[in-house]
Amino acid sequence: MGERDRLVTRQRSERHQTAPSRPHARPSRGFAWFWVVGTALPLAFLLIFFVWPVGALLLTGFTQHGAVSLDAVPEVFGEPRTWRVIGQTLAQATLGTLLSLVIGIPAAFVLYRLEFPGRRFLRGLSTVPFVLPTVVVAVSFTALFGPGAPLAWLGLDQNLAVLVLALAFFNVTVVIRTVGGFWAQLDPRPEQAARMLGAGPARVWWTVALPTLAPSIASAASLVFLFCATSFGVVFVLGGRALSNIETEIYRLAIDFLDLRSAAVLSLAQFAIVAAVLVISSRARRRREHAVAMQFDPSRGASTGIRPGRAHLPVIIVFALTTLFLHVLPIGALLLRSLRGPDGALGFANYANLFDPPADSALRGSVWGALQMSLGTAVVATLIAVPLGMLTALVASRRPRSDALQRGARFFDSLVMLPLGVSAVTLGFGLLLTMHRPLGIGFDLRTSVVLIPIAQALVALPLVVRLLLPTLRGIDPRLRQAAMMLGASPFRVLATIDLPMLGRSAGLALGFAFATSLGEFGATAFLVRPGAQTLPVAIATLAGKQGAVNYGMALSAAVVLGVLTATVMLIAERWRGETAGEL
Amino acid sequence: MATDGATDMTQQGLDARELTVHYATPGKRGSGGRVLAVDRASLRVGAGEVVALTGPSGCGKSTLLRAVAGLEPLSHGSVSWDGTDLARTPPHRRGFGLMFQDGQLFGHLSVAGNIAYGLRAKRVPAPQREARVSELLELVGLPGFASRGVHELSGGQRQRVALARSLAPEPRLLLLDEPLSALDRGLRERLAGELSQLLRQTGTSAILVTHDESEAEMIADRTIGMSGGRLLE
């Protein structure tokens, strides 16, 4: 059977999916309760712990003494500082995005287009920077550029350049994954055709490869911009007094000045930026899907890749050097300096201090205690995020025949994605505002430790859904129909087709949820109490305090947290099915 | 074996009347553009009878098959079996089997797991299930393949497993959607012979959709052409 027939069948089966509803043959009747529960559980969770707190926070910006008032808006935007902060946010995000692209695209080529031994391992390793906790990366960069650091002579401490480097540290991964994943599946024949028409490798790159990749680059860029613009931990630790962004400003206004109204107005300004980026990114994605439809050859499956040759040497050198400078140097500096005790001697003094806090420690309680609390909350957060994420993915992956239900599913999908776009600081702040009487029940959730894993689960949930959805969407609808025609009820189809597929990506989802929760800083920072903080909060506290003892503990604690997160991620990567999504 | 006494046959086997299926045109949402895919097709299949539907790509033959299975919503018409209307019977309760062109084997199950799938759904006890699986493997010429993974199979072997899987729950009507089209010519001809023999051997009523006239002739008792969504008779 020819290519075209296959395409026709494919199109036809897609068309079947959108056929209008008729009373005849509605297979999911009697099974509706499952979808109702599957939708209601994540929805209720989001409404109570996300929509309500964030909504309440925004409302405080526009009310005064119980009446609607827009006074706060001109007040906040009349401040020159507000505009400076917004300008800095946009500048940091733009520079961070550009640097991530410049470093990420050659890396995507090397890791996804070239074929060499160890490629799989390197690809797995390239995920790690993205999931490293922000405070770990921030502390690593202070270890490289800060006072007394190997590169302190550059005078870049609390400088925009270091901040941008740290932002790129995480987001290069996003570029590698998004662009590389697309690149690997690209039909190589147009490039070969261009070569045969006499174009050299550079010319092929500019005239064929780059235009084809453009949509995936645009989509990666908007995602990176979003992550950079809402970054909290990195700016909080590295920015010092000189640099801030909207996130750190919200934190400063709310916690240091108790100015909730201004903080709420700034949250709204951030919403506007995030919404604008999301609109652009969804356009880019639509274009990308269009491009995939044209270029992607389903019969080929995974690309075989190119054997590295002399022509690829410049790209490989660029990849090696940028990786060395951006990733290896800061992490190396962190590791080495963590081994240098407060008195300058090599050894494990900083690590010993984690268990047995010295007298001049800025922390109440030990770092060891913070680690235990982090592990506990991360486990609970994972146990919330993964089941809810699975239910959400199951619901969102369905293409119901009815138009209204389809719109409903789409709305549900984007609602679950919202926490990805709303900053963690806004979320933590909102939770703090509302959870003293959740749903009017006189039980102060804020003093309970439950709120921290809930906040972490909210941050992890969109990631879990993004990872699981492609697996479920990738199931050919005819596979479910085949099961149905063998007499399987809808529930049996779910249990025997969808769930086993989901199980294959479950390891990755678990790992991601756990690692994200373990390193979560923005929301958690609002919710911890002194003496009972999580490891990232403890690290940020220690790094911000004076004294070699405190800084040494920050370094060794960052190593512990980083090693823990990286290990979880590398194990989870081995567990990934072939079909799990990219972020 | 063509339908002789039409009045006797009304209560026997499949009776599909004036089946009409519309698609929504892609791109437009709402009740806007709808394309007529199957236009008032009426079809009867007696007990043990094998009917072939032939026609060019896109003539609606696969859609008609899926409408009989209950996988496509009807805008008009009815499907009944032995005189019982199936409008309110969901696909999995119709007792029909469907074999896809590309097999649609379950990748996470072994060959035996695939074949036993329908038996499990019917809650057949394990000993009988195992016996039935090996009997079917024997029947499709793959003895000893039970514990293999489906990814290790060749195209021809896959379709044999798909056939064994559809036959396992003993469907009262087997719907075959281009079951051999994905295979190369030599294999296709050999399997067509085997398929024909198997259907006779098991006494299964079947509708075969194919664009290959010679294949239809080889397997079916009678052949109906289809064009532009209409049956030609």
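# Close-up views of a predicted two-chain model

**View 1. An open antiparallel sheet in chain B.** Four strands of chain B form an open sheet in the order 2-1-4-5, with antiparallel pairing. The sheet edges are strand 2 (34–45) and strand 5 (84–85) of chain B, each of which pairs on one side only. Strands (E, at least two residues) and helices (H or I, at least four) are DSSP runs, numbered from the N terminus; two strands pair if DSSP finds at least two bridges between them. This is a predicted model, in which local features need pLDDT of at least 70 and side-chain atom pairs count only at pLDDT 80 or more, while totals for chains, interfaces and linings use all residues. Residues are numbered from 1 along each chain as its sequence is written, and chains are lettered from A and ligands numbered from 1 in the order in which they are written.

**View 2. Strand 4 of chain B and its two partners.** Strand 1 (residues 14–24) of chain B pairs with strand 4 (residues 76–81) of chain B in the antiparallel sense over five bridges. Within this pairing, Trp81(B) in strand 4 is the bridge partner of Leu14(B). Strand 4 of chain B also pairs with strand 5 of chain B, in the antiparallel sense and over two bridges. Here Ser80(B) has Asp85(B) in strand 5 as its bridge partner. The hairpin of strands 4 and 5 of chain B has two residues between the strands, and Asp82(B) takes a positive phi near 45° in it. Strands of a sheet pair through backbone hydrogen bonds, either parallel or antiparallel.

**View 3. Packing of helix 7 against helix 9 in chain A.** Helix 7 (residues 160–184) and helix 9 (residues 201–229) of chain A pack at an angle of about 155°, with their axes 9 Å apart. Helix 7 of chain A is therefore roughly antiparallel to helix 9 of chain A. Axes are lines fitted to C-alpha atoms, for helices over the stretch in contact, and angles run from 0 to 180 degrees between N-to-C directions; under 35 degrees counts as roughly parallel, over 145 as roughly antiparallel, 65 to 115 as roughly perpendicular and the rest as oblique. Among the residues that make the contact are Leu167(A), Phe170(A), Val174(A) and Phe182(A) of helix 7, and Leu213(A), Ile217(A), Leu223(A) and Phe227(A) of helix 9. Contact requires C-beta atoms, placed from the backbone, to lie within 7 Å. By class, this contact of helix 7 with helix 9 of chain A has 14 nonpolar, four polar and no charged residues. Ala, Val, Leu, Ile, Met, Phe, Trp, Tyr, Cys and Pro count as nonpolar, Asp, Glu, Lys and Arg as charged, and the others, Gly among them, as polar.

View 4. Helix 22 (residues 535–543) of chain A is mostly covered, with nine of its nine residues buried. The buried residues include Leu535(A), Pro536(A), Ile539(A) and Thr541(A). A residue is buried if 20 or more other C-beta atoms lie within 10 Å of its own, exposed if 12 or fewer, and partly exposed in between, with C-beta atoms placed from the backbone. The cover includes helix 6 (134–145), helix 15 (367–397), helix 20 (490–519) and helix 23 (548–574) of chain A. Chain A has 23 helices and two strands, and 47% of its 583 residues count as buried.

**View 5. The loop between helix 6 and helix 7 of chain A.** Both Gly148(A) and Gln158(A) lie in this loop. Gly148(A) counts as partly exposed because it has 13 C-beta neighbours inside 10 Å. Twelve residues separate Gly148(A) from Leu160(A) in sequence, and their C-alpha atoms are 19 Å apart. Gln158(A) is not a glycine, yet its phi is positive, at about 55°. With 16 other C-beta atoms within 10 Å, Gln158(A) is partly exposed.

View 6. Glu178(B) sits in the loop between strand 7 (173–177) and helix 6 (185–202) of chain B. Its phi is positive, near 45°, and the residue is other than glycine. Glu178(B) is buried, with 22 other C-beta atoms within 10 Å. Ser134(B) belongs to helix 4 (residues 126–139) of chain B and counts as partly exposed, with 15 C-beta neighbours inside 10 Å.

Conventions
Two residues are in contact if their C-beta atoms, placed from the backbone, lie within 7 Å.
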